[in-house]
Amino acid sequence: MRIKIERRGGFAGVPAVGERDESELTAAEHQAIRGLLHSPPASAPSPGADRFHYKITVEDAKGKRELEVPEHAMPEILAGIPKIRL
Amino acid sequence: MSTPIQAQLHCGCCFIVPPELLRELSRGQKLSPRNARVFQDSFLETVRLRHIREGHRVASLVTRRSVAAEAAAHQAEQHIFDCGHRMSLPGKAVANPSTGGDAFQTVFKTTGQVAEFYQTVLGRNSVDNQGMDLVSSLNYGQIYQNAFWNGQQMVYGNGDQHIFIDFWKSLDVIGHELTHGVTQNESGLRYEGESGALNESLSDCFGAAFNQWVGKAPASKDDGWLIGAGIMGPDAKTKGYNCLRDMVNPAAQHCLSPQPISYANFDPTADVHINSGIPNRAFALFARAAGGNSYDSPIKLWYSACTGGHLSAGATFADFAKSTLDAANRWTGPDKDKLAKAVRDAWHTVEVPLPSV
């Protein structure tokens with residue numbers, strides 16, 4: 001399994017991205033990914049303005065799946081994976 | 001109980017036959033005494049109901065006036081919270097923010113200045129114009145590279161200290177976030193597409209004008225149009241980025257988040273913080289052409305366009321451009337013609353269509 005997490009939005013409006021192979025995921029990160037795949041959150045944006053929005057792409061034996069995750073539904077443990085590339 | 005004739009004459013709340021005609025009919029020579037009395041009773045009933053209605057109208061005016069006066073008199077209080085690097089809002093209340101350490105003191109002071117800017121420059125009483133209390137939470141999350149408005153309050157992260165430092169360290173950021181609350185209470189611009197980019201632009205415009213107001217900087221000074229200059233971290237600066245956005249020159253290389261400079265480059269797939277560069281540039285060009293300070297006539301005219309009641313939640317750039325032109329046409333000062341020309345020229349430069357004269 002390989003995951004890619006893309007972040008957009010926020011006050012800065014600067015995109016961020018992070019990728020992990022299954023072997024690089026901690027048990028907690030793995031569990032958070034499984035939870036999102038099992039119960040995908042509603043993709044409606046978080047209330048207010050300048051909130052982050054995430055797109056998670058998971059590729060494994062079952063194929064490629066994409067999840068749109070608003071900030072309020074994003075597990076904190078996964079939110080730190082995307083980084084800004086200067 | 002109403003007689004059949006009375007039932008036809010009025011329904012208890014409005015009158016089919018004018019009261020004056022009822023009075024004339026009641027005096028008719030050919031009427032039987034019974035029917036004359038019916039018309040007379042109906043006339044008296046209309047007079048009684050008219051007096052009751054007038055009483056209610058006056059009472060509601062008095063109540064409305066007193067509610068409005070109460071709202072205008074209410075002064076917003078500030079509440080500062082410490083999230084302790086957790087993502088739970090609002091966090092722990094800071095008992096004495098004015099003496100609670102550099103971060104709390106600065107946010108308390110700057111938020112108060114934003115409220116003062118709205119009050120003294122624009123005549124607005126806080127976020128909702130009714131003295132709504134101002135709530136700010138600091139130290140949100142771990143290495144959280146953002147500040148946001150959650151619909152009820154402002155929230156600030158500490159950045160990673162490499163690309164971004166603490167998000168409360170830029171005056172315009174605090175003005176930006178509070179302005180999202182103002183927009184929410186006015187047009188409620190939808191946070192997508194052109195209306196979303198307008199929503200973002202308004203926060204940058206009022207944030208920049210607030211920043212220039214604090215520094216008493218004229219519109220001609222370039223630094224006052226940089227958004228996020230105070231939160232750039234050492235790594236970003238080393239790479240030559242001195243701001244997130246530059247309202248005068250949105251596509252400049254010194255911007256970490258470059259933006260399109262005209263409507264011809266509008267990207268429908270982009271985040272609202274990208275396309276906001278187009279109306280941002282229009283405001284900066286307008287304010288510079290108007291001369292003097294952005295926080296005088298220019299921001300007042302933009303505020304009038306936002307609060308004039310004609311800006312819908314789904315407004316396009318062209319809709320907003322028209323609102324600013326309408327605001328210029330409503331302007332009563334001696335610089336009316338100059339402002340109207342500057343507004344028109346600014347939107348023309350960024351290629352947003354305006355109605356023909």
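## Helices, sheets and a contact between chains

Tutor: Chain B has 12 helices and 7 strands, where helices (H or I, at least four residues) and strands (E, at least two) are DSSP runs numbered from the N terminus. This is a predicted model, in which local features need pLDDT of at least 70 and side-chain atom pairs count only at pLDDT 80 or more, while totals for chains, interfaces and linings use all residues. Residues are numbered from 1 along each chain as its sequence is written, and chains are lettered from A and ligands numbered from 1 in the order in which they are written.

Student: What makes residues of chain B count as being in contact with chain A?

Tutor: Two residues are in contact if their C-beta atoms, placed from the backbone, lie within 7 Å. On that basis 27 residues of chain B are in contact with 18 residues of chain A. On the chain B side, two or more residues each come from strand E4 (147–149), helix H5 (171–185), helix H7 (234–238) and helix H8 (272–275) of chain B. By class, the residues on this side are 13 nonpolar, 11 polar and 3 charged; Ala, Val, Leu, Ile, Met, Phe, Trp, Tyr, Cys and Pro count as nonpolar, Asp, Glu, Lys and Arg as charged, and the others, Gly among them, as polar.

Student: Why is helix H9 (residues 277–290) of chain B called largely enclosed?

Tutor: A residue is buried if 20 or more other C-beta atoms lie within 10 Å of its own, exposed if 12 or fewer, and partly exposed in between, with C-beta atoms placed from the backbone. In H9(B), 12 of the 14 residues are buried, so the rest of the structure largely encloses this helix. Among the buried ones are B:Ile278, B:Arg281, B:Phe283 and B:Leu285. Their cover includes helix H6 (193–215), strand E7 (245–246), H8, helix H10 (297–307), helix H11 (317–330) and helix H12 (336–349) of chain B. For chain B as a whole, 45% of the 357 residues count as buried.

Student: How do you know that the length of H9(B) agrees with its residue count?

Tutor: The expected span of a helix is 1.5 Å times one less than its number of residues. The 14 residues of H9(B) should therefore span 20 Å, and the end C-alpha atoms are 20 Å apart, which agrees. After this helix comes B:Gly291, with a positive phi near 85°.

Student: Why are H9(B) and H10(B) called oblique to each other?

Tutor: They pack at an angle of about 135°, with their axes 9 Å apart. Axes are lines fitted to C-alpha atoms, for helices over the stretch in contact, and angles run from 0 to 180 degrees between N-to-C directions. Angles under 35 degrees count as roughly parallel, over 145 as roughly antiparallel, 65 to 115 as roughly perpendicular and the rest as oblique. H9(B) and H10(B) are therefore oblique. B:Phe283, B:Phe286, B:Ala287 and B:Ala290 of H9(B) meet B:Ser297, B:Pro298 and B:Trp302 of H10(B). This contact has 6 nonpolar, 1 polar and no charged residues.

Student: What makes strand E2 (92–93) and E4 of chain B edge strands?

Tutor: Two strands pair if DSSP finds at least two bridges between them. The open sheet of 5 strands in chain B has the order E2-E1-E3-E5-E4, with mixed pairing. E2(B) and E4(B) each have a single partner strand, so one side of each lacks a neighbour in the sheet. E2(B) is joined to strand E1 (residues 78–82) of chain B by 2 bridges, and the two run antiparallel. The partner of B:Phe81 in E2(B) is B:Ala93.

Student: How do you know that E1(A) is paired with E2(A) and with strand E3 (residues 52–60) of chain A?

Tutor: E1(A) and E2(A) pair in the antiparallel sense over 6 bridges, and 8 bridges join strand E1 (residues 2–9) of chain A to E3(A), also antiparallel. The bridge partner of A:Glu6 is A:Val17 in E2(A) and A:Lys55 in E3(A). The open sheet of 4 strands in chain A has the order E2-E1-E3-E4, with antiparallel pairing.
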